[in-house]
Amino acid sequence: MSQKVRSWPPVETEPPTIHEYAPAAGEQLPPHFDECFACGPEQPGGLRIKTEVAENHVVRARFEVTKNHQGAPGLAHGGLLSCAFDEALGAVVGQMLRKPSVTGKLETDFRRPVPVGSVLHIAAKVDGVAGRKVYASAEGRLDAEDGPLAVEARALFITVGLEHFLQHGDVEGWRKIGEKMSKEERERWDVNP
């Protein structure tokens with residue numbers, strides 16, 4: 001069986017246009033929703049991922065792997081690792097482009113085990129845009145930003161209108177998000193939830 005060399009993005013794309021309200025390097029990103037499984041502080045068994053913006057419009061995420069996140073004894077569950085990457089990739093698309101988007105496809109390559117007690121450092125970036133399609137990729141390293149490569153991921157996001165979330169989501173949850181925002185934040189807000 002021959003292996004194909006995969007190029008990423010898999011189609012011709014335009015460079016991403018970074019939104020004028022995109023956060024600057026060094027800025028910590030708050031959870032987009034307090035009850036989000038991946039980043040929300042109100043999820044007792046959630047991932048509680050912390051994110052910040054780095055240079056060159058990269059989003060860095062930290063995922064502290066606890067016993068609540070294990071699959072096999074002492075090792076992170078692969079599905080939760082994929083969830084962590086979906087969060088980091090969604091954050092970079094949402095924060096840098098500030099267009100409501102949903103995950104269309106997520107591929108995760110596991111390079112080495114991620115043990116309980118370790119910290120996975122994820123660096124995510126937007127690779128290109130083709131119409132409504134946004135391509136992003138990330139890598140996760142163990143215990144340091146320059147630690148051993150443990151996981152890589154690529155994702156396709158599709159931009160949608162905000163009505164997508166209102167039609168398919170919880171309107172009361174949206175109300176909670178809006179109530180926590182200042183007037184200025186509401187006027188500028190157009191980001192992926």
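Me: How many of the twelve residues of strand 5 (residues 119-130) are buried?
Reply: This is a predicted model, in which local features need pLDDT of at least 70 and side-chain atom pairs count only at pLDDT 80 or more, whereas totals for chains, interfaces and linings use all residues. Residues are numbered from 1 along each chain as its sequence is written, and side-chain values use heavy atoms, with hydrogens and water left out. Strands (E, at least two residues) and helices (H or I, at least four residues) are DSSP runs numbered from the N terminus, and a residue is buried under 20% relative accessible area, exposed over 50% and partly exposed in between, for a 1.4 Å probe and protein chains only. Strand 5 is mostly covered, and the number of its twelve residues that are buried is ten.

Me: In what order do the seven strands of the open sheet lie?
Reply: The chain holds four helices and seven strands, which follow one another along the sequence as β-β-β-α-β-β-β-β-α-α-α. Two strands are said to pair if DSSP finds at least two bridges between them. With antiparallel pairing, the open sheet of seven strands has the order 1-2-3-5-6-7-4.

Me: Which strands stand at the edges of the sheet, each with a single partner strand?
Reply: Strands of a sheet pair through backbone hydrogen bonds, in either a parallel or an antiparallel sense. A strand with a single partner has one side left without a neighbour in the sheet, so the edges are strand 1 (28-29) and strand 4 (101-110).

Me: Which residue in strand 2 stands opposite Q28?
Reply: Strand 1 runs antiparallel to strand 2 (residues 50-53), and two bridges join them. In strand 2, the residue opposite Q28 is E52.

Me: How many bridges join strand 5 to strand 6?
Reply: Strand 5 also pairs in the antiparallel sense with strand 3 (residues 59-64), over six bridges, and there F63 has L120 as its bridge partner. Towards strand 6 (residues 133-142), the facing residues include A130 and K133, and G131, in the hairpin with two residues between the strands, takes a positive phi near 65°. Strands 5 and 6 run antiparallel, and the number of bridges that join them is ten.

Me: Which residue in the turn between strand 6 and strand 7 has a positive phi of about 60°?
Reply: Strand 6 is itself mostly covered, with seven of its ten residues buried. Strand 6 pairs with strand 7 (residues 149-159) in the antiparallel sense over nine bridges, one of the facing pairs being R141 and L149. The two strands form a hairpin with six residues between them, and the turn residue with the positive phi is D143.

Me: What is the relative accessible area of V134?
Reply: V134 belongs to strand 6 and has V129 as its bridge partner. Leaving aside residues up to four places away in sequence, V134 touches V93, L97, V126, G128, V129, A155, L156, F157 and T159, where contact means heavy atoms within 4.5 Å. V134 counts as buried because its relative accessible area is 1%.

Me: Is R98 buried or exposed?
Reply: R98 lies in the loop between helix 1 (78-97) and strand 4, and its phi is near 55°, a positive value in a residue other than glycine. R48, in the loop between strand 1 and strand 2, likewise has a positive phi near 55°, but at 38% relative accessibility R48 counts as partly exposed. At 9% relative accessibility, R98 counts as buried.

Me: Which residue does a cis peptide bond join to W8?
Reply: The residue in question lies in the segment before strand 1. The omega of the cis bond is about -5°, and the partner of W8 is P9.

Me: What is the radius of gyration of the chain?
Reply: The chain follows the pattern β-β-β-α-β-β-β-β-α-α-α. The radius of gyration is taken over C-alpha atoms, and the globule rule is 2.2 Å times the number of residues to the power 0.38. That rule gives 16 Å for 193 residues, and the chain is close to this, so it is as compact as a globular protein of that length, with a radius of gyration of 17 Å.
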